Amino acid sequence: MQIFHVQELGLEVWVENQPPWETRLSNETGRPTFVAESPPNYHPPTVITYASWPEEKVPAEGMHQMAGAAIRRASENFGVSRERSLAIPVRLARYGDIQGYEGWFTGKADGVAMDVSVFVGQAPGKFPVVFNVYTTRGKLPNLTEVLRRAWTNVKYLPAG
């Protein structure tokens, strides 16, 4: 695994290294987003993104509502209708020390059907994070181990 200390997110992020994935910091959304993309000829082709809100703290009782809104917004970015986005189940999930909620849906990117998973959570006393993965439709189950290694190893960097 490659280990990145992404100061802009306040997170340590682990990324596949066999073969090495391509990584970059993007500001396309107006917020720093760390992007890990599978290399050419990797199957299934996959993109994983990480974002954070270091200036925020969400009370535990507000996390479900925040996660649901973020998952719906993400699904609409993948071309899912508002009506369908409201029907996406938002499930309790935990990756390492970070607890929150995730939703899975099928959408489109550049006209191609994609499976998408969005996780929104935070560790106790920390700020919220969003992990997102998308891959070719029907292939998300193939990434179970990749996501376990990546998402359960995300850690908050020490403040300061």
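Trainee: What should I keep in mind about the model before reading it?

Mentor: The model is predicted, and local features need pLDDT of at least 70, side-chain atom pairs count only at pLDDT 80 or more, while totals for chains, interfaces and linings use all residues. Residues are numbered from 1 along each chain as its sequence is written, and side-chain values use heavy atoms, with hydrogens and water left out.

Trainee: In what order do the strands of the open sheet stand?

Mentor: Strands are DSSP runs of E with at least two residues, helices are runs of H or I with at least four, and both are numbered from the N terminus; two strands pair if DSSP finds at least two bridges between them. Here seven strands follow the order 3-4-5-9-8-7-6 with antiparallel pairing. Strand 3 (22–26) and strand 6 (91–95) each have a single partner strand, so one side of each lacks a neighbour in the sheet.

Trainee: Which strands does helix 1 touch?

Mentor: Contact means heavy atoms within 4.5 Å. By that criterion, helix 1 (residues 60–77) packs on the sheet against strand 7 and strand 8 (112–122).

Trainee: Is S117 buried or exposed?

Mentor: Buried means under 20% relative accessible area, exposed over 50%, and partly exposed in between, with a 1.4 Å probe and protein chains only. S117, which lies in strand 8, is buried at 2%. Residues touched by S117, not counting those up to four places away in sequence, include F131, L140 and W151.

Note on methods
Axes are lines fitted to C-alpha atoms, for helices over the stretch in contact, and angles run from 0 to 180 degrees between N-to-C directions.
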